[in-house]
Amino acid sequence: MRILVLGANGFLGEHAARHLRALPGAQVFIGGRSSTSDARIDLATVDPDQLADTLAALRPDAVVNCAGAVGGGPLALAGTNARGPAVLCAALTDAAPKARLVHLGSAAEYGTSGDGLALTESSPTCPFGVYGATKLAGTLTVTSAGLDAVVLRVFNPIGPGSPASSLPGRLAALLHDAEPEGVVHVGALSAYRDYIDARDVALAIGRATTASGPLPPVLNLGSGTARPVRAVASGLAERAGFRGRIDESGAGSGRSPAASRAWADISATTAALEWEPRYSFDQSLTDLWAATTGQPVDALR
């Protein structure tokens, strides 16, 4: 099976590419901005006809789009998250219409859980900011393109390699550099989020890529549990031996600033992909801290 992975240099893309390479019979190609990529593809700027030519040459059976922007302002967000999927769908329609497209969406497309209920794939989408709005635009493009496509709406990914653009990654880096009894400055930690290990996301991507027959247009990827964000801070602080103070007066998340509580109903994903999370929240924190301190971590236990 020939699989093209876009955005493989990112947090989720790296885990996805590693997992896909391990699948029996898989031949994985990397598309990205790096000179080491098998194909130079920047979805924010690539010409649709040029991308169609690239796809025709690669002849993928599946395309996994992990490319996404989480910051950089509205232009950067719109370029990668909204324009990117539109260009990709147009090129696939022209050059590889039978290829399966697995596209990563975001829980920020929903906004917050209404009435204290878990979010299902049919819950209203009401993003609070530009990030969620651009991700939703990408999802709408993919689901209306008439392709063999599925959007995996990822909630809050965590685990080894969490980037500094995420709260877990930023906290791990701050605690690593902090004095044991010092002060670490972060934003408010009062919200509740659904944390899912990046390796469980990669497993779901693999299942979606290789599944026989059509899949639902959108599937949630989460743990199914809302946890206090403060538990990330306290858990990492414990692993770091940090005895100081965590100051919550700093700037908070720009991706879902008004969402106080959000978590996923994953029953549809479990049924469609025969998938369920394997990594506990505690294991994700342990492995994130181990990776931050340079200790070896299994890619997939």
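Where is the place of Arg59? Arg59 sits in the loop between α2 (48-58) and β4 (62-65), and the views below show that loop and several other spots. This is a predicted model, in which local features need pLDDT of at least 70 and side-chain atom pairs count only at pLDDT 80 or more, while totals for chains, interfaces and linings use all residues. Residues are numbered from 1 along each chain as its sequence is written, and side-chain values use heavy atoms, with hydrogens and water left out.

View 1. Most residues other than glycine have a negative phi. Arg59 is not a glycine, yet its phi is positive, at about 50°. Glu274 also has a positive phi, near 50°, and is found in the loop between α8 (267-273) and α9 (281-292). Glu274 is exposed, with a relative accessible area of 68% (exposed means over 50%, buried under 20%, partly exposed in between, with a 1.4 Å probe and protein chains only).

**View 2. Helix α3 packs against helix α4.** Helices here are DSSP runs of H or I with at least four residues, and strands are E runs of at least two, numbered from the N terminus. α3 (residues 74-95) and α4 (residues 130-143) pack at about 5°, with axes 8 Å apart. (Axes are lines fitted to C-alpha atoms, for helices over the stretch in contact, and angles run from 0 to 180 degrees between N-to-C directions.) So α3 is roughly parallel to α4 (under 35 degrees is roughly parallel, over 145 roughly antiparallel, 65 to 115 roughly perpendicular, and the rest oblique). Residues in this contact (heavy atoms within 4.5 Å) include Leu77 and Cys89 of α3, and Tyr131 and Val142 of α4.

View 3. Among the residues making the contact are Phe11 and His15 of α1, plus Ile205 and Thr209 of α6.

View 4. Leaving out residues up to four places away in sequence, Trp275 touches Ile196, Leu203 and Thr270, among others.
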